[in-house]
Protein chains: 2
Amino acid sequence: MAAPRYRRRKEDRPQEITEAAFSVFAEKGYASARLDEVARRAGVSKGLLYLYFNTKEEIFKAVIKSVVIRRVDALLDAVDTTELPSEEFIRGPLLKFMQGVPGSPVAIVIRLLISEGQRHPDLVDYYWDNVVSKGLAAIGGFIERGVARGEFRETAVSELPQLVIAPMMLSMIWRILFTKRSLDTDKLMETQIEMILAYIKA
Amino acid sequence: MAAPRYRRRKEDRPQEITEAAFSVFAEKGYASARLDEVARRAGVSKGLLYLYFNTKEEIFKAVIKSVVIRRVDALLDAVDTTELPSEEFIRGPLLKFMQGVPGSPVAIVIRLLISEGQRHPDLVDYYWDNVVSKGLAAIGGFIERGVARGEFRETAVSELPQLVIAPMMLSMIWRILFTKRSLDTDKLMETQIEMILAYIKA
DNA sequence: ATAGTTAATGACTGGTAAGTCAGCAAGGTT
DNA sequence: AACCTTGCTGACTTACCAGTCATTAACTAT
């Protein structure tokens, strides 16, 4: 007896589709991504996509959200529960976290958002609410905690946690555009951290 | 006698077309931009586009190049000819230049390159050669000059001029994605400059 | 004026890809 | 085994848009 031509796996399909879609969007961007290609990589027919999602845009949003949902909480928890002095936490776990971002799926999401954000403002809001605002608040709050403890002095950095992540952003863009040209992105971020610490230390 | 339906203006057309195309690409991105719309905004027929350019891609490249060609040289000249001490030049003209970038067409070009760069590597090379490598070399060389003069000490910053422009990159991305959320991008860049100067001053 | 040159038009074509749907078959039910 | 439900298929439809080209008309030269 022949193997069945397909298996019914209702539970697994959505994730398989979003994973395939992520890889296609990552390579092609939203507009140039072909749903036929998504279906092919997911090992299903194109029609099946439309049983789980209504439009290409809906697939896109599901992809973004599926990537965002993971990860961020790890950092937030660490910030809340760490026993380390502020300076050591910043030099250690925070720096390591930042250094991991440019090579992670988050970088691809950022690129997709930069490209398509204007036409999907609700997605941008979602990303803001779940990643950016939380992340910045965590870093900012952490610095303020250091100030309250007398470890740091009061500087503009308290209100500009973006300074901490700026080299991370540049590293992401660099990798997207200038893979060929070498740049020690780890050292870039490390140096920024050293500079900030030297600047704010009491 | 009736006004003519159109005027023949061979000299002006290419620029008019690239300006119209820039505005459409800025709003829609490359893939979603419609050449009918470009023609409409340029006040010409679609067929005319193809008398001056062979493909949509060629128009895109002309747009990028037309924006890049301007501007950069101003900074480079200033770097070469300034009489100011390094620290004052960095605090003054260099900071002002950087603060102007996120609101300029350069920011839109960056967005287009982030979106489309993977499929137009020659454009990325062009941008690298004419903007990024020159700009970074100028900043890096300027810092090294300060070191040579004894104004600055030797630090990792000499090999990482990207640190200077990182907040500028973040500011561009911020404006693209999070226009609604306020951020004092001028102060962000200013603080970074202060921090770097404090860090590298002899 | 007249003829010649070429900038410019706009209806058309061909290819492409999102989205549809009638039928099929996997797997459960009795 | 016969029947039913529904996950799944893939050929099809429809709309759109980059790129074409036969035609028109603005300008030039004589």
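Buried means under 20% relative accessible area, exposed means over 50%, and partly exposed lies in between, computed with a 1.4 Å probe on the protein chains only. The structure above is a predicted model, in which local features need pLDDT of at least 70 and side-chain atom pairs count only at pLDDT 80 or more, whereas totals for chains, interfaces and linings use all residues. Residues are numbered from 1 along each chain as its sequence is written, chains are lettered from A and ligands numbered from 1 in the order in which they are written, and side-chain values use heavy atoms, with hydrogens and water left out.

**Exercise 1. Classify Gly103(B), Ala78(B) and Asp186(B) by accessibility, and place each one in chain B.**

Step 1. Gly103(B) has a relative accessible area of 58% and is therefore exposed; Gly103(B) belongs to the loop between helix H6 (86-100) and helix H7 (105-116) of chain B. Helices here are DSSP runs of H or I with at least four residues, strands are runs of E with at least two, and both are numbered from the N terminus.

Step 2. Ala78(B), at 27% relative accessibility, counts as partly exposed, and its place is helix H5 (residues 72-81) of chain B.

Step 3. Asp186(B), found in helix H10 of chain B, is also partly exposed, at 34% relative accessibility.

Step 4. For the distances, taken C-alpha to C-alpha, Gly103(B) and Asn130(B) are 20 Å apart in space and 27 residues apart in sequence. Ala78(B) and Ala39(B) are separated by 39 residues in sequence and by 39 Å in space, while for Asp186(B) and Asp80(B) the values are 106 residues and 25 Å.

**Exercise 2. Describe the overall build of chain A.**

Step 1. The secondary structure of chain A comes to 10 helices and 0 strands, and read along the sequence the pattern is α-α-α-α-α-α-α-α-α-α.

Step 2. The C-alpha trace of chain A spans about 75 × 35 × 35 Å along its principal axes, and 53% of its 202 residues count as buried.

Step 3. A contact means heavy atoms within 4.5 Å. Among the contacts in chain A with a separation of 6 or more, 69% are between residues 24 or more positions apart.

**Exercise 3. Describe the aromatic pair of Tyr30(A) and Phe60(A), and explain which parts of chain A the pair ties together.**

Step 1. Rings of Phe, Tyr and Trp (its six-membered ring) pair if their centres lie within 6.5 Å, and planes under 30 degrees apart count as stacked, over 60 as edge-to-face and the rest as tilted. By this rule there are 14 aromatic pairs over all chains.

Step 2. Tyr30(A) and Phe60(A) form a tilted pair, with 4.7 Å centre to centre and 55° between the planes. Because Tyr30(A) lies in the loop between helix H1 (13-28) and helix H2 (35-42) of chain A and Phe60(A) in helix H4 (residues 56-69) of chain A, the pair ties together parts that are 30 residues apart in sequence.

Step 3. Tyr30(A) counts as buried at 15% relative accessibility, and Phe60(A) is buried with a relative accessible area of 1%. Phe25(A), Tyr30(A) and Phe60(A) form one aromatic cluster.

**Exercise 4. Find the charged groups over the rings of Tyr30(B) and Tyr199(B).**

Step 1. A charge sits over a ring if NZ of Lys or CZ of Arg is within 6 Å of the ring centre and within 35 degrees of the ring normal.

Step 2. The charged end of Lys56(B) sits over the ring of Tyr30(B), 4.8 Å from its centre, and Arg153(B) lies over the face of Tyr199(B), at 5.1 Å from the ring centre.
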